[in-house]
Amino acid sequence: MRLLNKIIFLALLVIALPVAAQNASPDTLIRNTVDEVVAVLKQDDGIREGNQDKVLGLIREKILPHFNFTRMTQLAMGKNWSLAGPEQKKSLVREFRTLLVRTYSNSLTNYRDEVIKVTPTSVSPQDTRATVKTQVIQGGGKQPVPIDYSMERKGSNWKVYDVTVAGVSLVTNYRGTFNNQIRDGGVDGLITALAEKNASNAE
C-alpha cells in the first residue's frame with residue numbers, strides 16, 4: 001500500500017496537465033508542466049494544509065481529464081473484463097477512478113521539493129503509444145525513483161493508462177485484489193467492495 005501511495009503521489013505530481021498542452025508530444029507535455037505543478041504545490045497554503053476541497057478540485061480539473069481510466073480499469077481487471085456487462089463496466093470505471101482519487105488525495109500535500117527529470121521520448125506522427133521515462137530525485141542521499149508513464153494517443157491528445165514505479169505497475173498491483181474479489185463475489189461483488197472502500201475513504 002505504501003508503494004501504491006508513492007505511485008499515485010508521483011503520478012499526480014507530474015501529470016497535472018494544462019489544457020493548452022494537449023497537442024504536445026508526450027515528453028514535452030510532461031516536462032513543460034513540472035514547473036507549473038511544483039509552483040502550485042509550493043504556493044497553495046490550502047493544499048499544503050490538507051484542504052480536501054482544494055486538493056480534489058485540483059485533481060478533477062488538472063488530472064482526471066488526462067488519464068484513460070477505462071483502459072486502466074480494463075488492465076486491472078485482466079481477463080475478467082470480458083465478464084462485465086456494459087453497465088457493470090461503467091460502474092467499475094467510476095468506482096476505480098474514485099478509489100484512486102480519494103485514497104491518495106492527501107499525497108499532494110506531501111510534496112517535499114522533489115526534482116523530476118524527464119527523458120526525451122522519440123515519437124513519430126503515426127505512433128499511438130509511447131512510454132515516457134522520468135526520474136524523481138528525492139534528495140537526502142536517497143536513490144532516484146524511476147517512473148515510466150505508459151501513454152496512448154486519442155486524436156490529438158495523449159493520455160496515461162498506466163504508471164510504473166521502480167518496475168511496479170499500478171494496474172498490475174490491483175489485478176490480484178480484483179481477481180480475488182471477483183472469484184469470491186463476481187463482478188458485482190467487486191463493484192460493491194470498491195463502493196464500500198470509497199464510502200469509507202470519504203468519511
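Q: How many salt bridges does the count come to in this predicted model?
A: This is a predicted model, and a salt bridge here needs a side-chain nitrogen of Lys or Arg within 4 Å of a carboxyl oxygen of Asp or Glu. Side chains of opposite charge can pair when their charged atoms come close. By that rule, the count comes to 5 salt bridges.

Q: Arg 94 forms a salt bridge with Glu 95; how far apart are the closest N and O atoms?
A: Let's start with the setting of each partner. Arg 94 has 38% relative accessibility and therefore counts as partly exposed, whereas Glu 95, at 12%, counts as buried. The closest N and O atoms of this pair are apart by 3.9 Å.

Q: Which residue forms a salt bridge with Asp 148, and in which strand does that partner lie?
A: In this bridge the closest N and O atoms are 3.1 Å apart, and the partner of Asp 148 is Lys 133. The pair links distant parts of the chain, 15 residues apart, with Asp 148 in strand E3 (residues 145-154). Lys 133 counts as partly exposed because its relative accessibility is 44%. Its place in the chain, residues 129-137, is strand E2.

Q: Are Asp 184 and Arg 183 buried or exposed?
A: These two residues form a salt bridge, with the closest N and O atoms 3.4 Å apart. For this class, the relative accessible area must be over 50%. Both Asp 184 and Arg 183 are exposed.

Q: Which element comes at the end of the chain, counting from the N terminus on?
A: The chain comes to 7 helices and 5 strands. Written from the N terminus on, the elements run α-α-α-α-α-α-β-β-β-β-β-α.

Q: Is Asn 68 buried or exposed?
A: Asn 68 lies in the loop between helix H4 (52-63) and helix H5 (69-77). Leaving aside neighbours within four places in sequence, Asn 68 is in contact with Glu 152, Lys 154, Lys 159, Val 160 and Tyr 161. Its relative accessibility is 14%, so Asn 68 counts as buried.

Q: In E4, which residue is the bridge partner of Ser 150?
A: E3 and E4 pair in the antiparallel sense over 8 bridges. They form a hairpin with 2 residues between them, and Gly 155 in the turn has a positive phi of about 70°. E4 is largely enclosed by the rest of the structure, because 7 of its 9 residues are buried. The bridge partner of Ser 150 in E4 is Asp 162.

Notes:
Residues are numbered from 1 along each chain as its sequence is written. This is a predicted model: local features need pLDDT of at least 70, side-chain atom pairs count only at pLDDT 80 or more; totals for chains, interfaces and linings use all residues. Side-chain values use heavy atoms; hydrogens and water are left out. Buried means under 20% relative accessible area, exposed over 50%, partly exposed in between (1.4 Å probe, protein chains only). Helices (H or I, at least four residues) and strands (E, at least two) are DSSP runs, numbered from the N terminus. Contact means heavy atoms within 4.5 Å. Two strands pair if DSSP finds at least two bridges between them.
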